[in-house]
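This report describes a protein model through its aromatic pairs, its sheet and the helices that accompany the sheet. Please read it alongside the sequence and the coordinates.

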Amino acid sequence: MAAETPVDVSRLRSEIRIKYSEVAERPDAEHHFHTGRKALDHLGYDPETLAPLPADAVDAFAGVAHVFGFGLPAKGENVVDIGSGSGTDALIAAHAVGDTGGVIGVDMNDAMLQRAQGAAADAGLDNVEFRSGVAEELPVPGEWADVVISNGVLNLVPDKLAAYQEIFRVTRPGGRLQVSDICVDHAVPDEAKQDVDLWTA
């Protein structure tokens with residue numbers, strides 16, 4: 001059962017789509033967060049890990065931290081990437097899990113999905129696919145994932161309970177969650193929660 005959210009979810013998702021379409025279509029433009037290789041270098045991603053990735057994935061990266069700071073997935077594991085964006089983290093995971101593993105990237109932004117799908121094709125990776133969807137309704141079978149990752153996306157989800165219920169549903173018993181995100185250490189006022197501009201700033 002979805003929790004009541006204080007923000008207009010349709011408007012919020014629309015604004016998020018607009019902002020991240022801009023990143024997908026104009027990754028070199030000025031954005032209110034770091035993007036691309038500069039962001040990846042700043043966050044500590046290993047250049048050797050990034051070397052085999054196509055520019056389409058790397059150039060439009062928009063994460064907040066190094067989601068694999070906890071370690072890469074193992075050979076043969078299945079990985080779900082929530083809010084996969086241009087596909088950078090999903091493609092890193094695809095290389096790590098190899099032919100016996102699989103990766104599903106989920107994103108609600110068509111421009112990012114196209115960029116990620118193109119990057120996967122350019123990389124010759126057939127163990128990764130990108131699906132349209134939202135964190136609260138993941139298009140992934142139950143107990144499929146050994147690892148669920150998400151980089152800077154769950155903070156943009158208004159119904160976090162529903163998102164974590166979906167994570168629990170798609171993760172096999174004994175699986176794990178690796179999240180990099182923005183957190184607060186005090187309650188956010190209701191007035192701020194209703195401001196879409198603050199959600200996407």
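## Basis

The model is predicted, so that local features need pLDDT of at least 70 and side-chain atom pairs count only at pLDDT 80 or more, whereas totals for chains, interfaces and linings use all residues. Residues are numbered from 1 along each chain as its sequence is written, and side-chain values use heavy atoms, with hydrogens and water left out.

Helices (H or I, at least four residues) and strands (E, at least two) are DSSP runs numbered from the N terminus.

## Aromatic pairs

Rings of Phe, Tyr and Trp (its six-membered ring) pair if their centres lie within 6.5 Å, and planes under 30 degrees apart count as stacked, over 60 as edge-to-face and the rest as tilted. By this rule the count comes to two aromatic pairs. One of them is the stacked pair of Tyr-20 and Phe-33, with 5.5 Å from centre to centre and 15° between the planes. Tyr-20 belongs to helix 1 (residues 9-25) and Phe-33 to the loop between helix 1 and helix 2 (36-43), so the pair ties together parts that are 13 residues apart in sequence. With buried meaning under 20% relative accessible area, exposed over 50% and partly exposed in between (1.4 Å probe, protein chains only), Tyr-20 is buried at 19%, while Phe-33 is partly exposed at 22%.

The rings of Tyr-45 and Phe-61 form an edge-to-face pair, because their centres are 5.6 Å apart and their planes stand at 65°. Tyr-45 lies in the loop between helix 2 and helix 3 (47-50), and Phe-61 in the loop between helix 4 (55-59) and strand 1 (78-82), so this pair ties together parts that are 16 residues apart in sequence. Tyr-45 is buried, at 3%, and Phe-61 is buried as well, at 4%.

Five strands, paired in parallel, form an open sheet in the order 3-2-1-4-5, where two strands pair if DSSP finds at least two bridges between them. Strand 3 (128-132) and strand 5 (171-180) are the edge strands, each pairing on one side only. Strand 1 and strand 2 (residues 102-107) run parallel and are joined by five bridges, and Ile-82 stands opposite Val-106 in strand 2.

## Helix 7

The buried residues of helix 7 (residues 160-170) are Ala-162, Ala-163, Glu-166, Ile-167 and Val-170. What covers these buried residues includes strand 1, strand 4 (145-151) and strand 5.

Definitions and conventions:
Contact = heavy atoms within 4.5 Å.
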